[in-house]
Amino acid sequence: MTRDSYRSISLYAPNRAPAAIDLSDNTNLWGVPPAALRAITDAASGTITRYPALYAADVKQAIADYAGLAPEMVVTGCGSDDVLDSAIRAFGEPGDVVAYPDPSFAMIPIFARMNGLVGAPIPLTARNDADVERYIETNATITYLCSPNNPTGASFSRDAIERVVSGVTGIVIIDEAYAEFAGWNCLDLLVRFPRVVITRTLSKAFGLAGLRVGYALGDPELVAEIEKSRGPYKVNAIAQHAAVAALTTDRAWVDRHVRDAIANRDRLRESLMAIGLEPLPSDSNFVLVPVRNAAELDRQLRTRGIAVRPFVALPNIGDALRISVGPWQLLEQCIAALQECAV
Ligand code: PMP
């Protein structure tokens, strides 16, 4: 099912020729954190010929220290994709419902179907927040929230998140792939609500998308269930070394580029407004900007060597382009190209 339904959601086309400037996937456009890069290049052959740690204990410890939690509250995976897929499999039986915001991360309905569950898309409110009453009415076995939300960019309000968490009786997964760019997060909810799981990734702020390292945080019993459904050896040996380096030695580098991303995101929104566009507010490292014809604009940008992520007919929003934030010289070229195209 995946290819056609995925394309219809976002015109996602991962096999297209790479563009000179790729602002399409919200990864870290400042590069790889330096200690992580050294860990990759210094990897001894012994690291490669042997199996890695089964459940990446050192990575768990580094994540636990980063999040201020016990390592028993951490499970890792091959990207947060893997962690989300494993969590849906762990907490849902075939036929159970997964409620999720619409629009949001496009893989959630796919993971639901892959595991035999039924997706229940819940439209966003007019202010692109979570529609609390609809989640409570649906009372799904698994409620997925994404904050900051992809592709809209802004966080859900703290009040809406708390009311959903208190109002439903099932497991709530809060996807915080972009939390580093928001300046706040929901970690404190883990203590008050042992039914909450937070997923995160090293693919965005930490610059390691190609190594595929994600994690979930939550009550040790829930985390153990995710780990069982995930299985052993999901984070490879080189990724484990690089992840530990990024989470420890590289923290100042990561923080600096998170600050750069936030500054450039706000500057990008202002520049888009200056050329007559109306970008949505963002707490992430990307900006969603409604346009008249996303497919055509995407094609025109591509001919100018620029890749963004086009979306067609998003509920309440219509066509839109999602533009990742990176060094200003890249964004400048994107803005200039948009100006040339008839936006
Ligand atoms: N959640 C959200 C909201 C995302 O946007 C993404 C990737 N674009 C992911 C999860 C998955 O990221 P990864 O598998 O690289 O950790």
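Contact here means heavy atoms within 4.5 Å. The legends below describe close-up views of a predicted model.

View 1. A112 is located in helix α6. With a relative accessibility of 0%, A112 counts as buried, because residues under 20% relative accessible area are classed in this way. Once neighbours within four places in sequence are set aside, the contacts of A112 are I88, V98, L117 and G119.

**View 2. The shell of residues around the ligand.** The ligand is surrounded by 13 residues, and S80, D175, Y178, T201 and S203 are the closest. Sorted by class, this shell holds four nonpolar, five polar and four charged residues. Helix α5, residues 79-91, supplies the largest share of the shell, namely three residues.

**View 3. Polar side-chain atoms facing oxygen atoms of the ligand.** The side chain of T201 places a polar atom 2.5 Å from an oxygen atom of the ligand. For R212, an N or O atom of the side chain is 2.7 Å from a ligand oxygen atom. N150 has a polar side-chain atom at 2.8 Å from an oxygen atom of the ligand. The ligand taken alone exposes 400 Å², of which the protein buries 90%.

**View 4. Backbone of R212 in the loop between β7 and β8.** R212 lies in the loop that runs between β7 (196-201) and β8 (214-218). Phi of R212 is positive, at about 65°, although the residue is not a glycine. Most residues other than glycine have a negative phi. The relative accessible area of R212 is 27%, so the residue is partly exposed. The side chain of this residue also has an N or O atom 2.7 Å from an oxygen atom of the ligand.

**View 5. Backbone of N139 in the loop between α7 and β5.** N139 belongs to the loop between α7 (132-138) and β5. Here too a residue other than glycine has a positive phi, with a value near 40° for N139. N139 has a relative accessible area of 33% and is therefore partly exposed.

View 6. Most peptide bonds are trans. The bond from D102 to P103 is cis, and its omega is near 5°. P103 sits in the loop between β3 (97-102) and α6 (107-114). A cis peptide bond also joins S147 to P148, where omega is about -5°. The loop that contains P148 lies between β5 (142-146) and α8 (158-167).

**View 7. The buried face of helix α8.** A160, I161, V164 and V165 are the buried residues of α8. Viewed down the helix axis, the buried residues of α8 fall within an arc of 130°, so they line one face of the helix. These buried residues pack against α7, β5, β6 (171-175), α9 (189-192) and β7.

View 8. Within helix α13, which spans residues 294-303, the buried residues are A294, L297, D298, Q300 and L301. Down the axis of α13, the buried residues keep within an arc of 165° and therefore line one face of the helix. The elements that cover them include β10 (306-307), β11 (309-314), β12 (318-324) and α14 (328-340). At the start of α13, a side-chain oxygen of N293 comes to within 3.4 Å of the backbone nitrogen of A295. Just after the helix, G305 has a positive phi of about 80°.

**View 9. A263 in helix α12 and its separation from N285.** A263 is part of helix α12, residues 251-274. Its relative accessible area is 45%, so A263 is partly exposed. N285 lies 22 residues away from A263 along the chain, and the C-alpha atoms of the two residues are separated by 9.9 Å.

Definitions and conventions: Residues are numbered from 1 along each chain as its sequence is written. This is a predicted model: local features need pLDDT of at least 70, side-chain atom pairs count only at pLDDT 80 or more; totals for chains, interfaces and linings use all residues. Side-chain values use heavy atoms; hydrogens and water are left out. A residue is near a molecule or strand if one of its heavy atoms lies within 4 Å of it. A polar contact is a pair of N or O atoms within 3.5 Å; within protein, one must be able to donate a hydrogen and the other to accept it, and residues adjacent in sequence count only if both atoms are side-chain atoms. Accessible areas come from the Shrake-Rupley method with a 1.4 Å probe; for residues, only the protein chains shown count as cover. Helices (H or I, at least four residues) and strands (E, at least two) are DSSP runs, numbered from the N terminus. Ala, Val, Leu, Ile, Met, Phe, Trp, Tyr, Cys and Pro count as nonpolar, Asp, Glu, Lys and Arg as charged, and the others, Gly among them, as polar. Buried means under 20% relative accessible area, exposed over 50%, partly exposed in between (1.4 Å probe, protein chains only). The arc is that of the directions from the helix axis to the C-beta atoms.
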